[in-house]
Amino acid sequence: MTKQDRRPEILVCNDDGIEGEGIHVLAASMKKLGNVTVVAPAEPHSGMSHAMTLGVPLRIKEFRRNNRFFGHTVSGTPVDCIKVALSHIMPVKPDLIVSGINYGSNTATSTIYSGTVAAALEGAIQGVTSIAFSLTTYEHADFAYAGKFARKLARKVLQKGLPPDTILSANIPNVPESDIAGVVITRQGRSRWSEDAIERNDMYGNPYYWLNGTLRLQDSEMDKDEYAVRRNFVTITPLSFDLTNRDFLGTLEQWKLQQ
């Protein structure tokens, strides 16, 4: 059987944990395209970026939903899940990794904190075509259109492929399909979180802190992800794990630090 004749193997992961609604919608959507394997954190791991577990053993367990096998949990981060899935769970290398569907957008500077995006980037590091999907809300989530769009984009990526070391990060507005303004290809914007630590005291009078913040819009062009998604456009941003600032290489060479 040739690659064109068989159903693609698709690995599904997230950072909200295996009980998150988004991963169940994403897995169901991907089952219409290929054979699905689900490997996700046992607990939510939002904001973990590319963290992985060192010095502590990882545990793999089967997860059942409505008395039916759904996938495997890993007692670690999203990146751990990808590593374990590729090395110990999947018998063959997947054709596609999809991560999400995340609660909350992963745009602008939020991208660097995202475990959802990191799982997809780890896939790219391992040489697997990968996509991250995020829904732009933390409450009253409606994943119906997001699941539909995820299947559309995944099908196209399976057909067309992606450049080496590159993933797609798709951010989908939390609105009915009829209110979606369109789909735009965007750059990672510069909008950032304005954060504050709320101080409280425990029962013994000792202070502890909760991080709180608001994403401040610092972009004003439709080719920037956060600006466009706020106007009900689905945004697709190509990302790479290469963080080199190429524009600065020449200037840095002129410092003559090697002398």
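Predicted model: local features only at pLDDT ≥ 70, side-chain atom pairs only at ≥ 80, totals over all residues.

User: How many of the residues of helix α3 are buried?

Analyst: Helices (H or I, at least four residues) and strands (E, at least two) are DSSP runs, numbered from the N terminus. Buried means under 20% relative accessible area, exposed over 50%, and partly exposed in between, with a 1.4 Å probe and protein chains only. Among the buried residues of α3 are Gly115, Val117, Leu121 and Glu122. Helix α3, residues 115–125, is mostly covered, and the buried count is 10 of its 11 residues.

User: Which backbone nitrogen does a side-chain oxygen of Ser114 reach at the start of α3?

Analyst: A polar contact is a pair of N or O atoms within 3.5 Å; within protein, one must be able to donate a hydrogen and the other to accept it, and residues adjacent in sequence count only if both atoms are side-chain atoms. After α3 comes Gly127, with a positive phi near 85°. At the start of α3, the side-chain oxygen of Ser114 comes to within 3.1 Å of the backbone nitrogen of Thr116.

User: Which residues of helix α1 are buried?

Analyst: Helix α1 spans residues 21–30 and is mostly covered, with seven of its 10 residues buried. The buried residues are Gly22, Ile23, His24, Leu26, Ala27, Ser29 and Met30.

User: Which residue takes a positive phi in the hairpin of β3 and β4?

Analyst: Two strands pair if DSSP finds at least two bridges between them. Strand β3 (residues 60–65) and strand β4 (residues 68–74) run antiparallel and are joined by six bridges, with Phe63 opposite Gly71 in β4. Two residues lie between the strands, and the positive phi, near 55°, belongs to Asn66.

User: How far apart are the C-alpha atoms of Ile89 and Asp179?

Analyst: Ile89 lies in helix α2. Leaving aside neighbours within four places in sequence, Ile89 is in contact with Thr37, Val39, Ile60, His72 and Val84. Asp179 is 90 residues away along the chain, and the C-alpha separation is 40 Å.

User: Is Thr237 buried or exposed?

Analyst: Thr237 is placed in strand β11, and its side chain is joined to that of Thr186 by a polar contact of 2.7 Å. Not counting residues up to four places away in sequence, Thr237 touches residues including Ile167, Ser169, Gln188 and Asp225. Because its relative accessible area is 4%, Thr237 is buried.

User: How many salt bridges are there?

Analyst: Side chains of opposite charge can pair when their charged atoms come close. A salt bridge is a side-chain nitrogen of Lys or Arg within 4 Å of a carboxyl oxygen of Asp or Glu. By this rule, the count is seven.

User: Which residue forms a salt bridge with Asp95?

Analyst: Asp95 has 14% relative accessibility and therefore counts as buried. The closest N and O atoms are 2.8 Å apart, and the partner is Arg6.

User: What is the N to O distance in the salt bridge of Lys148 and Glu177?

Analyst: Lys148 is partly exposed, with a relative accessible area of 42%. Glu177 also counts as partly exposed, at 42% relative accessibility. Their side chains meet at an N to O distance of 3.0 Å.

User: What accessible area does the nonpolar patch of Phe248, Leu252, Trp255 and Leu257 have together?

Analyst: Patches are made of residues with over 30% relative accessible area and no salt bridge, like charges being joined within 9 Å and nonpolar side chains (Val, Leu, Ile, Met, Phe, Trp, Tyr) within 5 Å. Accessible areas come from the Shrake-Rupley method with a 1.4 Å probe; for residues, only the protein chains shown count as cover. Trp255, in the segment after α6 (246–253), is exposed at 51% relative accessible area. Together, the four residues of this surface patch have about 420 Å².

How values were computed
Residues numbered from 1 in each chain as written. Heavy atoms only, no water. Contact = heavy atoms within 4.5 Å.
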